[in-house]
Every structure is written in structure tokens, then in C-alpha cells.
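The following questions and answers show how a set of structural terms is applied. Each answer sets a value against a definition and then draws a conclusion.

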Amino acid sequence: MSALGRAAAGALAARLDLLCAMESPMLERNELMRQRLAKIAATRAAGHIPYPNDFVPTATSADAYAWFAADARRLAPFSPVAEGEDAAADSGALKLPAPWTRMAGRVMAINVKGKVAFLRIQDRCAVDLPACRTRDDDLREAAGLDRRNQDGATFQFFFSRDADPETFDALFKPTEGAAWDGPRLDIGDFIGGQGRFFRTKTGEPSLHLAANHEPALRILTKAVRPLPDKWHGLSDKETRHRQRYVDLIVNDEVREVFRRRAKILQGIRQFLDSRGYVEVETPMMHPILGGAAARPFRTHHNALDMPLYLRIAPELYLKRLVVGGIERVYEINRNFRNEGLSVRHNPEFTMLEFYRAYATYEDLMVEVETLIAELAVAVTGSTSVTWGLNADGTPRVIELNAPFKRVRIRDGLKIWGGLTDAEIADEAALRKKAESLGVHIDDHAPLGKVQVELFEAVAEPHLVQPTFVMEYPAETSPLARRNDLQPDYVDRFELFIGGIEISNAFSELNDPVDQHERFELQLLQKAKGDEETMEMDLDYIRALEYGLPPTAGCGIGVDRLVMLLTDSENIREVILFPHMRPELGQKPDAAVEPGA
RNA sequence: GAGCCGGUAGCUCAGCCGGUAGAGCAGCAGACUUUUAAUCUGUUGGUCGAGGGUUCGAUUCCCUCCCGGCUCACCA
């Protein structure tokens, strides 16, 4: 760097430093960052663009590995020559034709050894690369060569000083008065390189960088912040979740979880679309609370000057659509519930709800178990998945092959709770049992709710393998159809897997008079102090009066399903940006007054 | 909301029964033309989460607060 460039860079970096420090402690600079900012400032001072946007890659890292796997001669070390040139060279070393290729990515490792440099780059194919490299190893082994035993999601650039001395020196060996006064290369920078594929003498597939009318290697984006330790990575959960972008850069398995999540969503849509369901989007802001028992978030519409709830469930809107003739309908979207956070609860979570006319909850059981089994195969390759650990520390295996077990609440209370039929019908006896187990049940809870809560307490450890729980009391299900033989119960199931509730479904109540009465019962409970009741929705009653065909509906907690299929025990591992308290230096009220 | 545990360099972590801090990686300087956590030599870097108290002296002890993790409660 020239003396002039250095002085200009220093001044610019100092100015930025001051501005950032004033703005927020989040943007505080450390020595490493000041160095990198100075490099960027120096680039500008020398008249170069530090963030160019004119590099067009012609291959991804996955394309590159595929090229090496496409011809057995490419498995052993070889040098590259242009296509059309004589492959059999006179020097004795193997030479093979390779196409001129341009690749771009983030630098994950730099290894300069004298006058050669090895760079490892990561691009959008990073999730596929471990498999690519394993395949490369397999092919090499089959050809009688050593395995590379490489893991990690990167592809190698090889840069020999001979290929482009000016660029090499600029990026790795800056000297006083060098012709190009640009920045040096750092881990975390995005680069674009060009050259031909070859395989190093240790057998690593690589791009042999070379110059033509432009340099062999260019910095496309300079990273100001250093990446976490290359060996230990980033493990602090708070930082991982707050700065998910860093987590995704350095943790291969995190990228894989979210790739798999995308596949699960895709699989759900394919499954339902192929069965004639129509995907819709219904309001996320509700004037009337309904569709589930939960405390809501409240917001306000300024122009209309009216309060709104963030929805706790799309149920009532979706059933209006069935009334409207969309006999098979589904929605995948967020619900919002104003409750505590836990390893299984995020305030906003993704819910699939689907409704099917001329079906019962029993039909939906078959549909749900088929869906989950098919998703498991599509995503993990098997209906047998591992999720968490058994008490003895071994991986817990869950079999997701249909049909799933079915159990009635009454039977669960008898088998796992040791209760008799008489006790099950006796609220005082149930409450006594709950107390002996240390289970707290709300004093306002009616008999049905006591039964369900006690069931969940005694049965949950036994609901590891997928189990449909049936025969819910009517008072806990204000939107479900009464059983024809036992009107105190409703035609409903919940699906438990791994001890957590994955799904909830029932035959829908389509009798407008009964529905009206049940809403009124909800209002009564609200008056008694229950905060999680539904409100009277007269338009919904009106819709039912036009006629809801016999219908069954089902909700599936998508985040929990993703947890199950990615062996994640914490919901935060499957949500890209889980809710957290605001970080120091990012106070919410700071956002309200931008001019302050 | 309650209990327990934690917050030390950019990252991963040691340490301190009170005398204002160390390692590895990253960074910087140098050697090295096929590395694989390259190696070797030298070296920079810290308001020890924040505030208060005790003390001659606090990263260490005490209190309060902030943030996180785990468990419980509510919930899907």
C-alpha cells in the first residue's frame, strides 16, 4: 500500500469508526475489522470499485464435482490443457483437456505456501457438496486410488504465482509501491476466479486459476467482519440464532436442516395438490378471535381506527371457503399466540390446515399418516427416523410407517392412569388423582378438560411412537361435530409423536344452531375468567346457515413436523429467526423515532 | 412467570479461595511452488455482560439489572 493510500485509508476508516460507535454498540469495531475497513478504503482511494458486480460464474461447485466424476481419467492427478490441445503431453505428467471455467463463492480457508495458494470456496451448492465429495471418494476407491476423506462443503481454487504474478502478489504478498494498490484477501471475502479444472497431486479436485484479459482472481465483496474459528465454528446458541446468517455460513448441518424444511413444505404441497386440494391465503389480521383456544397478539389499524388480532388459527375462514364450494382447501401460514416460549413453542409458528368435504376425522387419520410416512421417505429416505435420545442415551427410533396406533382418552386413563370408568366420570376423583401426580388443573376447567389434561399427564410418555388420540369431550372442542352415539364427545383426534402434539383434527360442526350455542358457552367461560376462549363470530354462523357440507378438517404443526424429520429437539433449530429478546443496542423504542 | 447454570480476545475455551488476564484458531510481519485444522519464527489484540457495594486494591466476594441456556408452568 502506498503512503498516500495508507493515509487516506486510515482517515476514512477512522471516520467510519466514529460514526458506527455513535450509532450502536452492535456496530462496534475491533482491530480486525478496522484493518479490513482500511483495505476497502484503500481500494477506493486507488480508484478501484471495492464491490464490483460484473462477474458471471459459469459453474457451481456441484457442477465442478460432477465434471470430475464424469470421466474415469479425471480421478487421478492431472494437469489441465485447453480443449483441442493434445492430451498426451511430452513431459510424462498426465494432461487432460478441461473447459475454461469461471466460479464464484465465499472464501472459507486460505493456505498460502510460498508461491502457490490454496483457497477453499463455498457457494450455493454447499449443502450438496459433502455428497459430491463422498461420491468422488467412492469413484477414486473403485479406481484403486486413496480416498480423500474430505468432509465440508467447499471446493478448492489453486493459484500459482506463475499464472498471474501481479494479482498473486497483490492478494497475498503486497509490497511497497506495488502496481495494484488493492485489498488483500481475507477469509470471508467473496471472490471470482477463472481457469481450468485439474486434480492436485494429492488428488483434490481444483480450479487452476489463470489470467486472460482479466485477472485470475478478483475480490467481489470484501467482508468487514471475520468469520468464526474454522475448526470450532460457531456454537454459542444465542449468536447462532440472532445472527443466523453466520450460522448458515459456518455450520453445514444448519444449512441441511433448512434445505430439508423446504423439501418438507414442497412435499406437503405436492401431496395435497395431487389430491385435489386448493391452496389459499386467508387473513392474518382478524377482527374477531376464533379457531383455537389461545391468547392473542393485538394490533391496531390506524385509518379504520379499529383493533385487530393477529390470527391464532385460520380455521373459520377456511370453513367459509368450503361453504363457498372449495370442497378441498388448505393453507400453510403463520399463526400467532401470545404465550410463553419453550423448546416446542415460538410465538409465531407455521400451521398447515386442510379441509375436505364428504370426509370424517377417521378419513383424515388415513390421510395424515400417509402424508407423514411419505414425507419421511422423501426427506430422510426411510419411515424409520431417530429423534432425540432414550433414557439410556441411545438414539430414540420412531417408526412412521402407517397405520399409526389409535387410542381413546378413556382407555389411556384406564391403562396408564389406573382409573375406573366411574372415576373417569367423576370430576372430584380425577382432580384428586391429578393432585397425587402433581398435575395442576385450572379450577374453572370443566370435567372434559380435566379428563384431557389428566390424560396428557399420564399418557404423554407412552405417546412416543405415532399415536392418534380420540374421543375428546365436547366442551374442549367448540368447533367439532358431536359424536352421533355419544353427544358429550366429539369426532376428533390429536396425533402425538415423540410425546408432542403434531396434529389436531375433527369432523366439523356444521349445525349453525349448535355452533351458536357453543359460542355462547365460550362467552360464559370468558366471563368466568378463562382468557383463551373464542369470541362470537356471527358472520361464521351466517356462513354455516348457507350450508357447510359434511367436512373434516386437520391442522398440522409444521415446525414440529420439521423437528421430527430433522432430529431437532428444539423448535428454534427449525425456525430461521426464532423470537428472542431485543439485543443490547437495538432497543425497540429506538426504531420509533428515526430522527431522534 | 419461577428455579438452576452461564456471559473472559473476532471464534472456541482456560484462569482468578482478591494483587487489573492466558492458549488455540483468526489477524499482522517473515520463510516455504501441490496444501487438506499445512508447517516453522516473531507479534498485535481485552472497558473479564452492565451498574452499584465491600476493600488500600474487584475479572475474582456481595447486591441489583441485562442477555442466553436448561427445567417447570401455559400452550400447538
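A salt bridge is a side-chain nitrogen of Lys or Arg within 4 Å of a carboxyl oxygen of Asp or Glu. The structure contains 43 salt bridges. This is a predicted model, in which local features need pLDDT of at least 70 and side-chain atom pairs count only at pLDDT 80 or more, while totals for chains, interfaces and linings use all residues. Residues are numbered from 1 along each chain as its sequence is written, chains are lettered from A and ligands numbered from 1 in the order in which they are written, and side-chain values use heavy atoms, with hydrogens and water left out.

Q: Why is the contact of arginine 481 and aspartate 484 called a salt bridge?
A: Their side chains meet at 3.2 Å, N to O. The limit is 4 Å, so the pair qualifies.

Q: What makes aspartate 491 and arginine 481 a salt bridge?
A: The closest N and O atoms of aspartate 491 and arginine 481 are 3.3 Å apart, and the definition asks for a distance within 4 Å. This pair links distant parts of the chain: aspartate 491 belongs to strand E19 (residues 489–497) and arginine 481 to the loop between strand E18 (467–473) and E19, 10 residues apart. Helices (H or I, at least four residues) and strands (E, at least two) are DSSP runs, numbered from the N terminus.

Q: How do you know whether aspartate 491, arginine 481 and aspartate 484 are buried, partly exposed or exposed?
A: Buried means under 20% relative accessible area, exposed over 50%, and partly exposed in between (1.4 Å probe, protein chains only). Aspartate 491 has 8% and is therefore buried. Arginine 481 has 28%, so it counts as partly exposed. Aspartate 484 has 60% and therefore counts as exposed.

Q: Why are arginine 518 and aspartate 514 separated by about one helical turn?
A: They are separated in this way because they stand four residues apart in helix H15 (residues 512–527). Arginine 518 and aspartate 514 also form a salt bridge, with the closest N and O atoms 3.2 Å apart. Both residues are buried.

Q: Why does the pair formed by asparagine 346 and RNA strand B count as a polar contact?
A: A polar contact is a pair of N or O atoms within 3.5 Å; within protein, one must be able to donate a hydrogen and the other to accept it, and residues adjacent in sequence count only if both atoms are side-chain atoms. A polar backbone atom of asparagine 346 is 2.5 Å from a base nitrogen of RNA strand B, and this distance therefore meets the limit of 3.5 Å.

Q: Why is tyrosine 358 called exposed?
A: Its relative accessible area is 55%, and the term exposed therefore applies. Tyrosine 358 lies in the loop between strand E14 (348–357) and helix H10 (361–380), and its phi is near 60 degrees, a positive value in a residue other than glycine. Most residues other than glycine have a negative phi.
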